[in-house]
Amino acid sequence: MAAVQETVDRVKSVDVDAYKYGFVSDIESEKAPKGLNEDIVRFISAKKNEPAWLTEWRLEAYRLWLTMREPDWARVDYPKINYQDLYYYSAPKSTPGPKNIDEVDPELLRVYEKLGIPLREQEILAGVQERRVAVDAVFDSVSVATTFKAELAKAGVIFCPISEAVHTHPELVKKYLGSVVPTSDNYYATLNSAVFSDGSFVYIPPGVRCPMELSTYFRINEQNTGQFERTLIIADKGSYVSYLEGCTAPKRDENQLHAAVVELITLDDAEIKYSTVQNWYPGDADGKGGIYNFVTKRGDCRGARSKISWTQVETGSAITWKYPSCILRGDESRGEFYSIAISNGRQQVDSGTKMIHLGKNTTSRIISKGISAGRSNNTYRGQVLAQKRATNARNFTNCDSLLIGETCGAHTIPYIEAKNASAVFEHEATTSKISEDQLFYCMQRGLSAEEATALIVNGFVRDVLQQLPMEFAVEAQKLISISLEGSVG
Amino acid sequence: MLGDVKAAHSAAEEKLVAEFARARGSLPGAAPVGALRDAAFEAFKSAGLPTRRVEAWHYTDLRMAMRDALPVAPAPKADASLKQKLEKLAPRIADLETTRLVLVDGYFVAELSDVTPKGVTVTALSEALAKGDAAFVEALSAPGMGQGDAALALNTAFMQGGVIIDVAAGTHVAQPIEMIALSSEMSAHAVYARSLLRVGKGAQVTLIEREVSTASQIEQRNHALVVSVADEAQVEHVFVPAILKSASTYVASLLAILGAKASFNSFTLVQGGGLLRRQIHMRFDGEHAKGQLAGASVLRNKDHADTTLVVQHVAAHCQSREYFKTVLDGESTGIYQGKVIVAPGAQKTDGAMKSHAILLSDDATMNNKPELEIFADDVVCGHGATVAQLDEDQVFYAMARGLPKPVAESMLLEAFVDEATDRVESEPVRVYLTSLIGQWLSQRGAA
């Protein structure tokens, strides 16, 4: 793709400082005071008129969080975060619960425009009714616009902000919230449980194939505001949904914390396809600023023959700490993980997946492509585990790393644990630079060094790009090229 | 969480502290060696016995496994029975003339050992430590290797036996040197052996480490071999650790440093027995060197065998190969952790690592953790790891030709392990290793 070519020639030329999406929009927001204590947790809960059980759930998580330690095993290095110096709630000022696009703050729409939300999606936001993508736009912390509700409702699909679902579908939220990522899961997930602001809630009823791809755009906006998204997707028996998540963030000097939690649940024969394009501000050339992305994403294939597929294109953030995982509980369930992680400048990426095989005849597949450039470090960390009961568990893992330049690092740390004789696990990993032979071959056919490199990088990540829905694939290619700009000289 | 609260010393750790205080005066070595021991013991004390919290020990909890710490083995009394025992327990490898060096409970016994050929000097560890020559102490401590490893620190603190083998520059040692380690079968004890093989520039040598244990009690062994391969030298190394009683613990470290254009080929055959940790650190200090680490582990019952490698490419243009096979039966646990580190500037590194395992039982567990840590761009590094069971089709094929199932399986397993033993240069040694694997397989059939 052209992206690769651009990638190559731009990697070095890309002035990391010139972050294209680095702007701050002036939207007034309503903030909770800085810092975190039980009162803040109650404040957030009260702001959303949450029922008592949820307030208690948050407080319990908060109390647990106080007893936990920040994990330090990841290969990332950053100054200690002062959790008392952050804002834990900020809501954009806008008419409460806009019913249609006209009620949405025009400033918001301008932000989307700057973010380069695909034209079709902008049309949707502007009220043009051709689009088949529903956008539940999360602006800072509160969902402000949800489209296509009617059509989704016709299919019986529930797609709304989780804060709304708490009121409209409390039985579902209560049943599934925290059932995949418990409040005690890890430091950041626990923090999220205590202070989560908002996020998407999706429920696909039995036998329904969601009529469109669901999409959410995240945006971190308010200075010093930690973003604590909480996403919960439930695919009931025999249903299917494809969910897209994409993000960009304005430029900042202060490091920003993002600790999201995503929970996916598939019942018998259901399938969820979850795609992410992440392009948060990575910091300047010296690594100053940039987002800390500490995310807990986990899917639970609860039903037999269910399937969860994660696809991610990670190009942004100063620090990424993210392991979208699958718990393959149902017999014959399947987990997939496709990842492109690109690091440039001083970015630090520690990402990978976990495939936990519990049920019989479960299968999983991991394809991870890491590209390091500049002075960045890119680590794949993954676990594949077959429990004793997981007869005939099958895994194939392929993680390849590509190094551009001699000041970056690429690391692979897989944990492969088989406790069942019939498990078949295969793992392969390679690390290399772009092959001289391949370059020579391409250049001999008339391509410039840059074009040749682009072509090769393109081919390198192709396996994963192919997994993305069309709309995203285009955006992802663009991102890859932008994030590698200036890395090839 | 409670992670930062240092738990109280375990019983074994307390015993080790007491044992160090008791034995410290009688352990060999001049003053600088004493300082080395003290520093190592302090390092051990602050770290404690390794637990799963230590990433390099992710799958082996030595602290849990060592309920007790046994006293350091005393020097054996030389008597005629040892010689008979040697002949009986360690018969000559067929078709292979070797120069034998015999160690009993880690102590070098010159009376039982062969005279070494020209160009090869052998010194007992105690003798070398008594001299305390600075260059020797440095070589023995292999600076920069296995740092922070509490088990290795324990070895340094307690090293009581071992042998120093020096091969003069340019010497081609025709006969392999065979180090035979016996146990005296005295009351339960711990052996801390530290040996050093220094191979001079352009020299060539083969070292075979064979261990035999007939002890009826639990043993605790901590064995370390430092191999220093000078420029253009070539070293072949084979290690067959003893099969200890269950509930024994064994940490066997190998620290190899390779000079420019050097070549090092090491093979380890693990046949189970309690908890065994084989840890190998290999470092490329000079360019254009080649290092190969291979091994096979055949495990059953509650055997726990951990193979952990750290390969450091410091110099450019070097090649490393790691190739390990594991067969697991019963309730055994196999671990393979391999880490290849390519330092900044170690361009043109060529590294390939493989670990393959076959699980024969649903109660067996195999853990693989092959790691790459790469800081140079012009390198080719890869690893592969597989876990599977015997191929049913292959078993069926063999059975369809009239072989009983156990025979068919043994044949396939032998072929599986052979791919690793094939990496041993010397044919008689290969045959010997295959015979040991055959014994293990025949016991399987009998069971």
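The model on screen is predicted.

**Stop 1: the loop at B:Asn301**

Select B:Asn301. This residue sits in the loop between strand S13 (290-299) and strand S14 (304-313) of chain B. Its phi is positive, about 50 degrees, although B:Asn301 is not a glycine. Most residues other than glycine have a negative phi.

**Stop 2**

Now select A:Asn361, in the loop between strand S19 (354-357) and strand S20 (363-372) of chain A. Phi of A:Asn361 is near 55 degrees, again a positive value in a residue other than glycine. With 19 C-beta neighbours inside 10 Å, A:Asn361 counts as partly exposed.

**Stop 3: chain A as a whole**

Color chain A by secondary structure. It has 12 helices and 24 strands. Of its 489 residues, 60% count as buried. Among the contacts in chain A with a separation of 6 or more, 85% are between residues 24 or more positions apart.

**Stop 4: the nonpolar core**

Which residues have the most contacts inside the largest nonpolar core? They are A:Val202, B:Leu103 and B:Val229, in a core of 252 residues. Helix H11 (residues 449-465) of chain A gives the largest share of this core, nine residues. Center the view on B:Leu103 and show what surrounds it. Leaving aside residues up to four places away in sequence, B:Leu103 touches B:Phe108, B:Val109, B:Gly161, B:Val163, B:Met179, B:Ile180, B:Ala181 and B:Ala193.

**Stop 5: strands in chain B**

Select strand S9 (residues 234-240) of chain B, where six of the seven residues are buried. S9(B) pairs with strand S7 (residues 204-211) of chain B in the parallel sense, over seven bridges. In this pairing B:Glu209 stands opposite B:Phe239 in S9(B). S9(B) also pairs in the parallel sense with strand S11 (residues 263-270) of chain B, over six bridges. Here B:Gln234 stands opposite B:Ser263 in S11(B).

**Stop 6: a helix in chain B**

Go to helix H9 (residues 405-421) of chain B. Its 17 residues reach 24 Å from the first C-alpha to the last, close to the 24 Å expected at 1.5 Å a residue. The buried residues of H9(B) are B:Ala408, B:Glu409, B:Ser410, B:Leu413, B:Val417, B:Ala420 and B:Thr421.

**Stop 7: where the chains meet**

Show both chains. The contact takes 34 residues from chain B and 32 residues from chain A. On the side of chain B, the elements that give two or more residues are strand S18 (365-374) and strand S19 (380-388). S18(B) supplies the largest share of that side, 10 residues. By class, the side of chain B that touches chain A has 17 nonpolar, 10 polar and seven charged residues.

Six bridges join S23 of chain A to S18(B), and the two run antiparallel. A:His411 stands opposite B:Glu373 in S18(B).

**Stop 8: confidence**

Finish by coloring by pLDDT. The model scores ipTM 0.81 and pTM 0.84. Chain B has a mean pLDDT of 91, and 97% of its residues reach 70 or more. Select residues 1-5 of chain B, where pLDDT stays under 50 and the model has four contacts beyond four places in sequence. Where pLDDT is low, the predicted coordinates should not be read in detail.

Conventions: Residues numbered from 1 in each chain as written. Chains lettered and ligands numbered in written order. Predicted model: local features only at pLDDT ≥ 70, side-chain atom pairs only at ≥ 80, totals over all residues. Core = buried A, V, L, I, M, F, W, Y, C linked by C-beta atoms within 7 Å. Buried ≥ 20, exposed ≤ 12 C-beta atoms within 10 Å, placed from the backbone. Helix = DSSP H or I, 4+ residues; strand = E, 2+ residues; numbered from the N terminus. Contact = placed C-beta atoms within 7 Å. Expected span 1.5 Å × (residues − 1). Nonpolar A, V, L, I, M, F, W, Y, C, P; charged D, E, K, R; others polar. Pairing = 2+ DSSP bridges. pLDDT = per-residue confidence, 0-100.
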